Amino acid sequence: AGKKILFLESTDSTNIQAALAGSRGEEEGVLVVAKEQVAGRGRRGRQWESPQEGGIYMSLLLRPTVPPDHASGITLLMALCVAESLQELTTEPVKIKWPNDIVMNGKKVCGILTEMTAQVDYIHHVVVGVGMNLNQTQFAGELSEKATSFWLETGIRADRSRLIAALLEKFEQSYEVFCKEGGSLSRFRTEYEKRLVNTGRPVRVQDGKESFDGIALGISPKGDLLVRLEDQSIRSVFAGEVSVRGI
Ligand code: BTN
């Protein structure tokens with residue numbers, strides 16, 4: 001990962017740039033990093049605030065040889081690698097909110113957006129975008145209730161390039177295992193579940209108009225969230241466009 005690195009002062013979105021590289025047929029491992037994004041994208045069509053100061057905005061181009069329905073596992077894998085990389089710098093707990101928010105003290109320090117171009121049975125390319133709040137000193141308006149930065153939580157000014165290098169190294173190792181095992185997260189499940197804020201807690205799952213409550217148990221090898229319903233049956237929730245919140 002990160003075999004070829006593209007540093008940009010300012011761009012629309014590193015995910016867009018990495019996807020273009022993917023369509024041009026560039027090899028797996030291209031990394032796009034920007035100092036600032038003017039059209040940063042979040043999940044569910046939201047924007048991702050990407051000012052010059054404090055944030056890391058990066059996207060990695062991948063060509064995993066796993067079935068398309070296992071691709072969402074890459075997002076969980078990246079979440080785990082980000083959490084572990086940050087954890088190496090602090091004793092403050094760094095947790096994961098399923099599927100891919102990294103949180104400290106209940107607030108988000110990093111979000112991940114994975115976008116895939118695929119046929120029914122074949123992945124053309126995957127772009128994993130990571131937006132990390134590293135050294136921001138404040139968040140405007142209502143963002144401040146939900147977002148935080150690593151600096152705000154720890155008082156540590158982490159070095160961007162070192163953190164990126166540590167993250168890429170960790171991800172590269174994990175990704176190799178992940179691909180070898182056909183896209184299964186089995187080998188990462190325990191570590192992931194240890195960091196998962198939802199484990200053992202009541203959650204509300206909102207899937208379009210439908211909503212149900214249950215207790216989050218952990219994840220499946222594909223990265224689905226396993227939820228125990230009131231009638232004791234277990235439902236698995238696909239890491240797609242559903243929203244899960246603690247209740
Ligand atoms: C989320 O909504 O939690 C996901 C946010 C992902 C933001 C990152 S920043 C780098 C990459 N480029 C984008 O436009 N988005 C992702």
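Trainee: Is Gly54 buried or exposed?
Mentor: Count the C-beta atoms, placed from the backbone, within 10 Å of the residue's own: 20 or more others make it buried, 12 or fewer exposed, and anything in between partly exposed. Gly54 has 20 C-beta neighbours inside 10 Å, so Gly54 is buried.

Trainee: What pLDDT do local features need here?
Mentor: Residues are numbered from 1 along each chain as its sequence is written. This is a predicted model: totals for chains, interfaces and linings use all residues, side-chain atom pairs count only at pLDDT 80 or more, and local features need a pLDDT of at least 70.

Trainee: What pLDDT does the chain average?
Mentor: pLDDT is the predictor's confidence in each residue, on a scale from 0 to 100. In this chain, 98% of the residues score at least 70. For the complex, the predictor gives a pTM of 0.94 and an ipTM of 0.99. The chain's average pLDDT is 92.

Trainee: Where does Gly54 lie?
Mentor: Elements are DSSP runs numbered from the N terminus: helices are H or I with at least four residues, strands are E with at least two. Trp151 is 97 residues away from Gly54 in sequence, yet their C-alpha atoms are 9.1 Å apart. Gly54 itself sits in the loop between β2 and β3.

Trainee: Is Gly42 buried, partly exposed or exposed?
Mentor: Gly42 is placed in the loop between β2 (30–37) and β3. Gly42 has 15 C-beta neighbours inside 10 Å, so the class is partly exposed.

Trainee: Which residues come nearest the ligand?
Mentor: A residue is near a molecule or strand if its C-beta atom, placed from the backbone, lies within 6 Å of it. The shell around the ligand has 20 residues. Coming nearest are Ser13, Gly42, Gly111, Gly129 and Gly131.

Trainee: How many residues around the ligand are polar?
Mentor: Ala, Val, Leu, Ile, Met, Phe, Trp, Tyr, Cys and Pro count as nonpolar, Asp, Glu, Lys and Arg as charged, and the others, Gly among them, as polar. The shell has 6 nonpolar and 4 charged residues. The polar count is 10.

Trainee: Which residues does the UniProt annotation "binding site" cover?
Mentor: UniProt positions follow the numbering used here, feature names are shortened, and annotations may be inferred rather than shown by experiment. The entry is unreviewed. According to that record, the residues are Ser13, Thr14, Asn15, Gln37, Arg41, Gly42, Arg43 and Lys108.

Trainee: Which residue in the turn of the β8 and β9 hairpin has a positive phi?
Mentor: β8 and β9 (residues 210–219) pair antiparallel over 6 bridges, and Gln206 stands opposite Ser211. The hairpin has 2 residues between its strands. The phi is about 65°, and the residue is Gly208.

Trainee: How many residues lie between β9 and β10 in their hairpin?
Mentor: The two strands run antiparallel, joined by 4 bridges. Ala216 stands opposite Val227. In the turn, Gly223 has a positive phi of about 100°. The number of residues between the strands is 5.

Trainee: Which residue in β12 is the bridge partner of Val203?
Mentor: β8 (residues 202–207) and β12 run antiparallel, joined by 4 bridges. Arg204 stands opposite Arg245. The partner of Val203 is Gly246.

Notes
Two strands pair if DSSP finds at least two bridges between them.
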